[in-house]
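This briefing walks through the overall form of one protein chain and then turns to individual positions along it. Please keep the sequence and the model side by side while reading.

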Amino acid sequence: MSGSSSIVAMKKIVQQLRFEAGINRVKVSHAAADLQNFCLQNAQQDPLLSGVSGTSNPFRPHTVCSFL
């Protein structure tokens, strides 16, 4: 039983390696350039870069209520 189970395990490994070998890969330099272009194109809408207006900011400090 152990011999046939190791053959099945090896077949699964070979199948996984063939699948991974068939994946289209992108060079890191190309992916980094695409990421940089995306960030530059969307910088106008990024609230971390452009800030949030005081009226539309849901996290702005609220006024303090005082009870008499």
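A residue counts as buried when its relative accessible area is under 20%, as exposed when that area is over 50%, and as partly exposed in between. The model described here is predicted, and the values below are computed from it.

**Overall form**
- The protein chain has three helices and zero strands, and read along the sequence these follow the pattern α-α-α.
- The radius of gyration of the protein chain is 27 Å, well over the 11 Å that the globule rule gives for 68 residues, and the chain is therefore more spread out than a compact globule.
- Along its principal axes, the C-alpha trace of the protein chain spans about 85 × 40 × 15 Å.

**Surface**
- Of the 68 residues in the protein chain, buried residues make up 0%.
- The protein chain exposes about 6900 Å², of which carbon and sulfur atoms supply 63%.

**Ile13 and its patch**
- Ile13 lies in helix α1, which covers residues 2-21, and because its relative accessibility is 45%, Ile13 counts as partly exposed.
- Together with Met10 and Leu17, Ile13 makes a nonpolar surface patch of about 310 Å².

**Gln44 in the loop**
- Gln44 is found in the loop between α2 (28-41) and α3 (47-50), and Gln44 is classed as exposed because its relative accessible area is 66%.
- Gln44 and Ala31 are 13 residues apart along the chain, and their C-alpha atoms are separated by 21 Å.

Technical notes
Residues are numbered from 1 along each chain as its sequence is written. This is a predicted model: local features need pLDDT of at least 70, side-chain atom pairs count only at pLDDT 80 or more; totals for chains, interfaces and linings use all residues. Side-chain values use heavy atoms; hydrogens and water are left out. Patches are made of residues with over 30% relative accessible area and no salt bridge: like charges are joined within 9 Å, nonpolar side chains (Val, Leu, Ile, Met, Phe, Trp, Tyr) within 5 Å. Accessible areas come from the Shrake-Rupley method with a 1.4 Å probe; for residues, only the protein chains shown count as cover. A salt bridge is a side-chain nitrogen of Lys or Arg within 4 Å of a carboxyl oxygen of Asp or Glu. Helices (H or I, at least four residues) and strands (E, at least two) are DSSP runs, numbered from the N terminus. Buried means under 20% relative accessible area, exposed over 50%, partly exposed in between (1.4 Å probe, protein chains only). The radius of gyration is taken over C-alpha atoms; the globule rule is 2.2 Å times the number of residues to the power 0.38.
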